[in-house]
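Q: I would like to learn how to read a protein structure step by step. Could we go through the one shown here together?

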Amino acid sequence: MEFETIAIERKEKVATIRFNRPSNLNAFNDLMISESIQALNAFRDDAGTRCIVMTGEGRAFSAGQDLKSAMITSGDVSFSEHLRQGYNELVLLMTQLEKPIIAAVNGIAAGAGFGVALAADIRLVSPKATFMLAFSRLGLIPDSGLTWFLPRLMGYGRAFEKAVTAEQISADEALSWGLANTIIPHEQLMAVTHAWALRLAEGSAIAIALTKQAMYRAMSKSLEEALEDEASLQDVAGKTGDFIEGVDAFLQKREPDFSH
Ligand code: T3D
């Protein structure tokens, strides 16, 4: 796969997508959105890939929509179409993908870049990472899933405050408000992320896929509906070789091998 705006890498069942427009703080132009979608689809279909990492080249994760792109500067824009065919597709693909995605947040994640970071399943962040809802400074509203993710993760009050003030959220705040899973020293971010990704890659792929599906579905369900969904998905998980291997491993007092 040849890409212009992203760099990709495969190492030991872990695929990495690195946003690669550092001179613009990895702002998303249309090509970077579509290449990210293309790469995610390819890794979804690649049996050898069990976990995906997304990160940014240089000092940013991503500064969001490329404000210098023709899409913005021409003044002749259907935002709704641009969102539907771009960020909405990317965010939905990430959340529906049956493989875990880790965002290694190496620097600022602003606007749609913030949304993309939140669409990952896990966020490992450098102390240099900051998160920013830049939209209000442009007279826009949060998009790319941010109105859905943020109140769920850090509560409506904080989400609304950061949306209307566009103040940056530090790595420490992100950790204490549930946006980040952990903070990792900057120089070790990619090595530690790879270790996390390998751990997920070695887990039961079916159990991870169904857990992701069940949790996203539960967020729009009643408790009764979520319990019922868990029951039917557990039927799927319980009929796999991974369940047999997991029980065998427990009884034989060894680590399970889910590598098939
Ligand atoms: O339909 C739709 O798609 C609408 C959807 C919109 C989604 C959105 O994402 S809207 C939000 C867009 N993003 C922003 O508003 C953030 C803009 N950037 C900034 O506010 C600042 O750059 C940062 C706070 C992120 C970082 O500040 P700082 O001082 O560390 O860096 P800088 O000097 O501002 O930026 C460095 C370079 O990156 C600079 O280029 P230059 O002058 O050296 O040639 C700057 O212009 C460029 N850059 C930063 N952000 C963007 C960008 N270029 C294009 N688009 C950007 N978003």
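Q: Which polar backbone atom is 2.9 Å from a nitrogen atom of the ligand?

A: Keep in mind throughout that this is a predicted model. To read a polar contact, one looks for a pair of N or O atoms within 3.5 Å. Here a polar backbone atom belonging to L67 is 2.9 Å from a nitrogen atom of the ligand.

Q: Which side chains have an N or O atom at 2.9 Å or 2.8 Å from an oxygen atom of the ligand?

A: The side chain of K68 has an N or O atom 2.9 Å from an oxygen atom of the ligand, and the side chain of R137 has an N or O atom 2.8 Å from an oxygen atom of the ligand. On its own the ligand has 1,100 Å² of accessible area, and the protein covers 71% of that area.

Q: Where does the ligand sit, and which residues around it come nearest?

A: The ligand sits in the largest pocket. There are 26 residues around the ligand, and those that come nearest are R59, Q65, H82, A112 and R137. Sorted by class, this shell has 14 nonpolar residues, seven polar ones and five charged ones. Helix 3, which spans residues 79–85, gives the largest share of the shell, with three residues.

Q: Now the sheets: what is the order of the strands in the open sheet of four strands?

A: As a general idea, the strands of a sheet pair through backbone hydrogen bonds, either parallel or antiparallel. In this structure the open sheet of four strands has mixed pairing and the order 4-6-8-9. Its edge strands, each pairing on one side only, are strand 4 (60–62) and strand 9 (169–170). Within the sheet, strand 6 (residues 108–110) pairs with strand 8 (residues 130–132) in the parallel sense over three bridges, and A110 stands opposite M132 in strand 8.

Q: Which strands stand at the edges of the open sheet of six strands, and why is one side of each left without a neighbour?

A: The order of that open sheet is 1-2-3-5-7-10, again with mixed pairing. Strand 1 and strand 10 (182–183) are at the edges, and because each has a single partner strand, one side of each is left without a neighbour in the sheet.

Q: How many bridges join strand 1 to strand 2, and how many join strand 5 to strand 7?

A: Strand 1 (residues 6–11) and strand 2 (residues 14–19) run antiparallel and are joined by six bridges, with I8 having I17 in strand 2 as its bridge partner. The hairpin of these two strands has two residues between the strands, and in it E12 takes a positive phi near 45°. By contrast, strand 5 (residues 101–105) and strand 7 (residues 122–125) run parallel and are joined by four bridges, with R123 in strand 7 as the bridge partner of A103.

Key: Residues numbered from 1 in each chain as written. Predicted model: local features only at pLDDT ≥ 70, side-chain atom pairs only at ≥ 80, totals over all residues. Heavy atoms only, no water. Near = heavy atom within 4 Å. Polar contact = N/O pair within 3.5 Å; in protein donor to acceptor, adjacent residues only side chain to side chain. Areas by Shrake-Rupley, 256 points an atom, 1.4 Å probe, with all protein chains shown as cover. 1 Å grid on protein atoms, 1.4 Å probe; cavity = no way out; pocket = protein on both sides within 12 Å on 5 of 7 lines; lining within 4 Å. Sits in = over half its atoms within 2 Å of the grid points. Nonpolar A, V, L, I, M, F, W, Y, C, P; charged D, E, K, R; others polar. Pairing = 2+ DSSP bridges.
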